[in-house]
There are 2 protein chains.
Amino acid sequence: MGAAVIKVLVVHDTRLLRQALAILLCREHDLEVHTASWSDAVTGLVSWQPQVCVLDVDAPEHAAPMSQLALLAEHAAERKCGLLMLASPSRPGLLYRVSQARAMGYVSKGEPCEALLGAIRHVAQGEQFVDTSLGWDFLQAARVPLTERELSVLSLASQGASVAEIAGDLHLTHGTVRNYLSAITRKTGARNRVDAIRISQKAGWV
Amino acid sequence: MGAAVIKVLVVHDTRLLRQALAILLCREHDLEVHTASWSDAVTGLVSWQPQVCVLDVDAPEHAAPMSQLALLAEHAAERKCGLLMLASPSRPGLLYRVSQARAMGYVSKGEPCEALLGAIRHVAQGEQFVDTSLGWDFLQAARVPLTERELSVLSLASQGASVAEIAGDLHLTHGTVRNYLSAITRKTGARNRVDAIRISQKAGWV
């Protein structure tokens with residue numbers, strides 16, 4: 001076994017928490033750790049060339065920055081850096097969305113730090129790693145209840161757009177938008193539109 | 001100066017993050033640290049008798065458990081344990097709600113860990129501490145835009161309750177509920193009801 005040092009970049013928008021995570025990882029002799037906020041992440045990746053990049057994808061301050069994640073994933077793929085997602089349990093929609101970035105590993109934040117350490121070492125070896133406690137969430141994520149079009153409508157609705165605004169943005173008629181909203185409400189088992197948005201946000205679909 | 005050890009209880013529902021925070025605090029020679037989830041918090045407080053209890057009040061998995069917070073605050077007050085809130089910036093509504101628990105200190109999670117360490121030592125001495133970076137948020141929190149009644153209506157609406165359900169729960173007529181919802185939409189500068197809920201959730205009012 002080579003005792004090569006693994007370079008790990010921790011990306012989290014909350015300074016206190018990224019510092020705490022870095023200190024936790026730094027106690028391991030085989031890890032060298034830098035940190036970055038989401039806005040510095042690409043720069044950190046390109047300049048420091050880590051083997052593993054650990055991302056917290058559902059911090060409250062920064063609800064899954066998908067466009068930034070996609071950009072980071074592109075740079076990571078070019079440099080053979082493995083992405084490792086820290087996810088909360090019971091948010092299959094978020095897993096579905098972040099899995100588009102083709103991460104090598106997924107760890108639940110509900111697990112003790114040993115799970116994260118194990119995952120980092122797997123990903124550094126080029127191996128995939130999925131926390132067993134996220135298995136059920138991945139199963140649900142694979143059974144996407146909503147179509148791509150419904151997800152687009154839901155995303156705009158959750159930002160407060162009216163039927164008319166959604167129709168304008170997506171080049172649909174008002175009636176079609178209303179049909180999509182009804183389908184979303186039915187499929188999510190919601191009582192009404194506001195409830196459908198609440199349920200979808202909780203599961204991480206928007 | 002006595003070099004007495006300060007007993008600190010860290011409460012966070014995400015195991016990985018509470019472990020990371022504990023490790024960060026444990027590096028200080030004057031701090032002894034235990035951790036608890038929200039469900040264990042009162043037991044931890046009563047059995048271990050810490051001088052300071054550090055609470056993360058806006059983790060995504062656990063959106064401000066106000067009833068649990070009130071219970072914890074009662075036990076803390078009886079035992080002269082100082083509560084110290086970890087808050088995210090730009091959520092004045094959440095600050096307003098958690099400030100009802102009469103915490104001794106407030107630290108922004110956007111600050112480096114030295115801010116938290118300083119706050120812990122102040123609170124352990126029985127002194128109040130508010131992070132200067134939260135000053136503007138406290139100012140906004142003090143200017144509550146919504147009345148208590150409007151906050152109750154908003155809270156039910158954000159959980160997906162219909163006008164009829166809100167009216168039933170709060171013993172109001174449908175027309176009165178609609179008037180409250182219009183006032184909330186106007187005061188939050190929202191485009192419509194869904195938008196008002198989105199804006200209020202972001203600021204932490206519900």
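Two strands pair if DSSP finds at least two bridges between them; strands (E, at least two residues) and helices (H or I, at least four) are DSSP runs numbered from the N terminus. The model is predicted, so local features need pLDDT of at least 70 and side-chain atom pairs count only at pLDDT 80 or more, while totals for chains, interfaces and linings use all residues. Residues are numbered from 1 along each chain as its sequence is written.

**The sheet of chain A**

Select strand 1 (residues 6-11) of chain A, which pairs with strand 2 of chain A in the parallel sense over 6 bridges. Within this pairing, Lys7(A) has Glu32(A) as its bridge partner in strand 2 of chain A.

**Helices 7 and 9 of chain A**

Proceed to helix 7 (residues 148-158) and helix 9 (residues 174-187) of chain A, which pack at about 95° with axes 10 Å apart. Axes are lines fitted to C-alpha atoms, for helices over the stretch in contact, and angles run from 0 to 180 degrees between N-to-C directions. Helix 7 of chain A is therefore roughly perpendicular to helix 9 of chain A (65 to 115 degrees). Display the contact (heavy atoms within 4.5 Å): residues of helix 7 of chain A, including Val153(A) and Leu154(A), meet residues of helix 9 of chain A, among them Tyr180(A) and Ile184(A).

Conventions:
Chains lettered and ligands numbered in written order. Heavy atoms only, no water. Parallel < 35°, antiparallel > 145°, perpendicular 65-115°, else oblique.
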